[in-house]
Amino acid sequence: MTSTRGVRGRRCGPSVLTSHLRRFARGVQHDLWPPPEQAVLQELERRASREPRRTPGRISMPPYQFEYADAMSAWPQWDDIFVHDSLAFETQVREPRILDCGANIGIASTYFKRRYPLARITAFEADPSLAAMCRRNLIANGDTDVEVKASAVWTSNGTIEFVCEGTDSGAVASLETSVTGARQQVPADRLRDWLDDPIDLLKLDVEGAELPVLEDCRDRLDRVRAITIDLHEFNPATRQTGAVFDLLAASGFLFDMRALVPLPWRAELLPGPKGLGLPSPFPSPFPDASPVWVATVRAWRR
C-alpha cells in the first residue's frame with residue numbers, strides 16, 4: 001500500500017494526512033476569517049496599540065456595533081467577556097433576572113443578551129458619559145429592553161460624589177481609591193432596594209465599593225442565586241477580601257477566586273506616610289510584589 005510520511009517522520013495513511021490537512025485548513029480559515037468576537041478583539045488590540053488613551057472610537061463588525069471611550073480599557077473587557085466567557089453562568093430560568101452593576105459601555109449586558117436572549121437586565125453606570133454610551137450601544141445592538149440606570153450602586157439613595165475617570169476606573173470619591181478625574185455629583189441607587197425579587201445573577205464591578213454595598217445587602221442576599229464580583233484591593237492598610245469572604249459564607253454561598261491581576265501602577269499612586277503611614281511603593285522582600293490588585297470572585301448557592 002502506498003503511504004505518505006506524516007508529522008515527525010512517522011508514516012501514515014492517506015486518511016491521517018487528510019485529517020491533518022483539514023485541521024490546517026481550518027486554522028488558516030480561522031486566521032483569515034476569524035469569528036466576529038475574535039475579529040472585534042483583534043481590531044480593539046490594534047487600536048489600543050496605536051491610539052492615545054481616552055481616544056473615543058466606534059467598532060462596526062456585524063453583528064456587533066458599539067462605541068468605546070478608550071480602546072485600551074475596552075480591549076481586555078471584550079477579551080474576558082466575549083472571548084473567554086468570564087461571565088458565563090448556567091441557569092434553568094428562561095428569563096433570568098440580571099443586575100449589571102458597573103456596566104461601563106455595555107459590553108457585559110450585550111454579552112448577557114447574546115447568551116440569554118430573554119434575560120431581564122438592569123445596567124447601572126455612574127459616569128454620565130459612559131452611561132449614555134452604554135445606552136446607545138445596547139440600542140445599536142438591538143438590546144432595547146435593557147434598562148440603563150445612570151447612577152452609582154451604593155448603600156443609600158440620593159446623590160454621591162463620583163470620580164469620573166473616563167474609562168473603566170471611575171469610583172465613589174469617598175473610597176479614596178487613588179483614581180483621578182473630574183469629580184461630579186451623580187445619582188445613587190441603593191442596591192438593597194433592587195433585591196426584593198429573586199436575582200439570578202448579580203454582577204458587581206464597583207471599583208472598591210464591594211464590601212460596603214454587600215454589607216448593606218446582607219439581609220437580602222438570600223434572594224440572589226449567583227454573584228460575580230470584581231474584587232478590588234486598592235488600599236493595603238484596609239483590606240476587604242477577608243470580610244467579603246466571611247460575608248458570602250455567612251450568607252450561604254460557596255465561592256471561588258480566579259484571575260487575580262496585579263495593579264502595580266496604582267500602588268505608586270497611593271499616598272505615602274501622610275495617608276497610610278507606609279511608604280509608597282510599599283517595600284517587600286518579594287520581587288515584583290504588588291499590594292494593589294483585582295480578582296474575580298464567583299459565588300453561588302449551596
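How many aromatic pairs does a search of the whole structure find? The search finds nine aromatic pairs; rings of Phe, Tyr and Trp (its six-membered ring) pair if their centres lie within 6.5 Å, and planes under 30 degrees apart count as stacked, over 60 as edge-to-face and the rest as tilted. The model is predicted, with local features needing pLDDT of at least 70 and side-chain atom pairs counting only at pLDDT 80 or more, while totals for chains, interfaces and linings use all residues. Residues are numbered from 1 along each chain as its sequence is written, and side-chain values use heavy atoms, without hydrogens and water.

| Pair | Centre distance | Plane angle | Class |
|---|---|---|---|
| Tyr-64 and Phe-82 | 5.2 Å | 70 degrees | edge-to-face |
| Trp-78 and Phe-82 | 4.0 Å | 15 degrees | stacked |

Tyr-64 lies in strand 4 and Phe-82 in helix 3 (residues 71-83), so their pair ties together parts that are 18 residues apart in sequence. Helices (H or I, at least four residues) and strands (E, at least two) are DSSP runs, numbered from the N terminus. Trp-78 and Phe-82 are four residues apart in helix 3, about one helical turn. Tyr-64 and Phe-82 are both buried, and Trp-78 is buried as well; buried means under 20% relative accessible area, with a 1.4 Å probe and protein chains only. One aromatic cluster is formed by Tyr-64, Phe-66, Trp-78, Phe-82, Tyr-111 and Phe-112.

Strand 4 (residues 64-68) also holds Glu-67. Glu-67 counts as buried because its relative accessibility is 14%. Its side chain makes a polar contact of 2.7 Å with the side chain of Arg-136; such a contact is a pair of N or O atoms within 3.5 Å, and within protein one must be able to donate a hydrogen and the other to accept it, while residues adjacent in sequence count only if both atoms are side-chain atoms. Beyond neighbours within four places in sequence, the contacts of Glu-67 (heavy atoms within 4.5 Å) include Gly-57, Ile-105 and Met-133.

Elsewhere, seven strands form an open sheet of mixed pairing in the order 7-6-5-12-13-15-14, where two strands pair if DSSP finds at least two bridges between them. The edge strands, each pairing on one side only, are strand 7 (147-149) and strand 14 (253-262). Strand 12 (residues 201-204) runs parallel to strand 13 (residues 226-233), and three bridges join them. Leu-204 stands opposite Ile-229 in strand 13.

Terms used
Buried < 20%, exposed > 50% of the residue type's maximum accessible area, 1.4 Å probe, protein only.
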